Amino acid sequence: MKILNLIAGLVAASAPMFGQTPVYLDETKPVEERIEDALSRMTLEEKISMVHAQSKFSSPGVPRLGIPEIWTTDGPHGIRPEVLWDEWDQAGWTNDSCVAFPALTCLAATWNEEMSALYGKSIGEEARYRNKSILLGPGVNIYRTPLNGRNFEYMGEDPYLAGQMVVPYIRGVQSNGVATCVKHFALNNHETNRHTTNVIVDDRTLYEIYLPAFKAAVQEGGTWSIMGSYNLYEGEHCCHNERLLNDILRGEWGYDGVVVSDWGGTHDTDQAIRNGLDMEFGSWTNGLSAGTKNAYENYFLAYPYLERIRKGEIGTEELDEKVRRILRLAYRTVLDRSRPFGSLCSESHYEAARRIGGEGIVLLKNTGDLLPMTVEKGTKILVVGENAVKMMTVGGGSSSLKVQREISPLEGIVGRFGNVAEVVYERGYVGDVTGEYNGVTTGQDLSESRSAEELIADAVAEAEDADYVIFIGGLNKSRYQDCEDSDRSGLGLPYGQDAVIEALAEATDRLIVVNISGNAVAMPWAGDVPSILQAWYIGSEAGHAIADVLSGDVNPSGKLPFTFPARLEDVPAHIFGEYTGVPQRDTVDIRYKDGIYVGYRWTDLQKKTKPLFAFGHGLSYTEFEYGKPVLDSKVMTADGTVTVSVEVTNTGDREGQEVVQLYVGDRKASLPRPLKELKGFKKISLEPGESRTVTFSVDKEDLAFFDPEKHEWVAEPGVFDLNIAAAADDVRGKVSFELK
Ligand code: BGC
């Protein structure tokens, strides 16, 4: 008996050695149980190592337990090339070129959630193939001023549009077992002084304008990580901001994911411990040189944190919570053995980029018969402008990429028309001839010896007998343009482009302007140019997508995700003076006195000033006629809905897509409200002569405003208008009902 007991005891004691899987590795066990088991096996030092970086873009995991490293990557338009362990310089890999997808402004301009899902799935596959656990994007900071150098990385001025478009992107990426990291939470609405700006904003504005897209990302998209922003809010840096992270994100929204700091956005150990930050990155951006032994050990959440625990100044409760969240992210990504393998630079990704690009291009103006182009043998097409040839995937800051290929607009036009037409190129102006970011070079030689006057004269000379003159200019990704860490100095086009366009408009009535930018620009010549396209940064397939639209192979269907003001003086952030373009080392308070009146919410109230192009504006090569909107009920009860339907007909002669927009207006409320707010949109495709009925369902949530006194969303009884529109300034029909 004794011997039997001894044998049984030995078997039990050695069971794990003979293959009993520990709970944290056991895929049959619930994740939360596995997290607790993993946590219970970790030493204090191992836990601390998980909450801060070990290199520019990774954190270490726990090698002893086989818990893998977490690798992050920018984001948000393609997968950033590999950099050295401790530096921003290139690692020099030869297998890390990617597909550049269109910038997020372009995605938002599609107003098509299917495009967003396709985008997320495709970029997620690239991230997965490159073995990343976190994709640093997408960004949903609201477009408050056209000077913000980073607007191109965001989804426009409207919280509803950004919220609707971010959700499918997140789901698409995360279906690959790669976490999105929605950024920059929150109130990071300009770049100059991004580390020292202290935003002062009232609660109503915060909840109605600046938070909804993040909330949608958390509650509907289910993002597994979020990045804190560089700026301060109420005097506390947003990467460890008690109100934003503890109260709102985790408290009110029930977020269970990881909060990642922006690179170098952590400033204080105690705040970082208590205020919800989980992973600290980039605190010493020049790598190891700033540390005594190892810079990463000096991170706010590294040795200083360990010391506080060892001295008994603080317990491990917060640390355990942070590690739990990181483990949860690991189980969702790198530890999920069923996740797909991903793919890199696949043809389907190029197709996706081209499709999204084509759908995002906005036809701003089209009078006359220039577009779509009809090209025959002998047609002469003159292309003018630096942006026709300049590679746009290099530059702009952290979203800069190393692409496998990039089709320039000129290449796209030559490819589409070159077999029949004569395509001539003229430079027109010299912008920025450099082409390098963090060691990635475009390899382009854009040097030019002609003077500005000569360049214009040469372009004009070629324009005189051209059947089409296509000016391709706008901004680029250089500093003080569409570029991180700096803002633009004005609304106008740089490099003297207005003079080139005006000279061309004088010389020919066959002028098409293609503006490439992620921001609104002033167009003092708009009245003299028959056709204008807004073409964004489209990435690898830029030239193809632009040629698709010019040729009519793709009928444009993009709509502006932000207002194009006529003048900077018409933008409320600037009217009320709360924006500083002047770099400042000390904290600078920026009051968002423009409140909820951002973009069309402001222009709607103006009698005299009209925007150059309104939010939601975008033309097609066909025409759409809207019928009278029909309500299913004139009364809505508190927990009910009303639906509004409208028949839309394609009255032109080619197939096209239209974005039908629904804006809700509250006739009378106890607080001032915008005239109307976007609460629904649908993109439909119609053959010539075809009609379709579009139906929107509206509930109480769509009628509510945020009452700061009660700290809740309130829909007050009364009369509401439902505006069916083709743009914010183009309401096609209105019906009203009463909320009882
Ligand atoms: C940017 C982030 C980016 C990070 C890592 C920061 O400078 O603000 O958006 O993800 O760098 O490159």
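So, into which domains is the chain divided? There's domain 1, residues 349-562, and domain 2, residues 622-739. Keep in mind that this is a predicted model.

Let's stay with those domains for a moment. Their centres, taken over C-alpha atoms, are separated by 35 Å. As for how they touch, six residues of domain 1 are in contact with 10 residues of domain 2. Between them, about 640 Å² of area is buried, and carbon and sulfur atoms give 34% of that. On the domain 1 side, look for Asn555, Ser557 and Lys559: these lose the most area to domain 2, and together they make up 71% of what that side buries.

Okay, now some helix pairs. Take H5, residues 113-129, and H6, residues 159-174. Their axes come within 7 Å and cross at roughly 30°. Angles under 35 degrees count as roughly parallel, so H5 and H6 are roughly parallel to each other. The crossing of H5 and H6 is right-handed. If you want to find the contact on screen, H5 brings residues including Tyr119, Lys121 and Ile123, and these meet a set in H6 that includes Met165, Pro168 and Tyr169. Sorted by class, the H5 and H6 contact has seven nonpolar, five polar and two charged residues.

Next pair: H2, residues 31-41, with H12, residues 317-332. Here the axes come within 10 Å and cross at roughly 125°, and that makes H2 oblique to H12. The crossing of H2 and H12 is right-handed. Among the H2 residues in this contact are Glu32, Arg34 and Ile35, and on the H12 side you'll find Asp320, Arg324 and Leu327, among others. What classes do the residues of the H2 and H12 contact divide into? Seven are nonpolar, none are polar and six are charged.

Last bit: the backbone. Most residues other than glycine have a negative phi, and most peptide bonds are trans.

Start with Gly137 and Pro138, which are joined by a cis peptide bond, with omega about 0°. Pro138 sits in the loop between strand E3 and H6.

Then go to Lys183 and His184. The peptide bond from Lys183 to His184 is cis too, with omega near -5°. Where is His184? His184 lies in strand E4, residues 179-185.

And finally Asn193, which isn't a glycine but has a positive phi of about 65°. You'll find Asn193 in the loop between E4 and strand E5, residues 197-200.

That's my tour, thanks!

Methods
Residues numbered from 1 in each chain as written. Predicted model: local features only at pLDDT ≥ 70, side-chain atom pairs only at ≥ 80, totals over all residues. Heavy atoms only, no water. Axes fitted to C-alpha atoms, helices over the stretch in contact; angles between N-to-C directions. Helix = DSSP H or I, 4+ residues; strand = E, 2+ residues; numbered from the N terminus. Parallel < 35°, antiparallel > 145°, perpendicular 65-115°, else oblique. Left-handed = near helix turned anticlockwise from the far one by under 90°. Contact = heavy atoms within 4.5 Å. Nonpolar A, V, L, I, M, F, W, Y, C, P; charged D, E, K, R; others polar. Domains from an automatic or database assignment. Buried area = accessible area lost by both parts, 1.4 Å probe.
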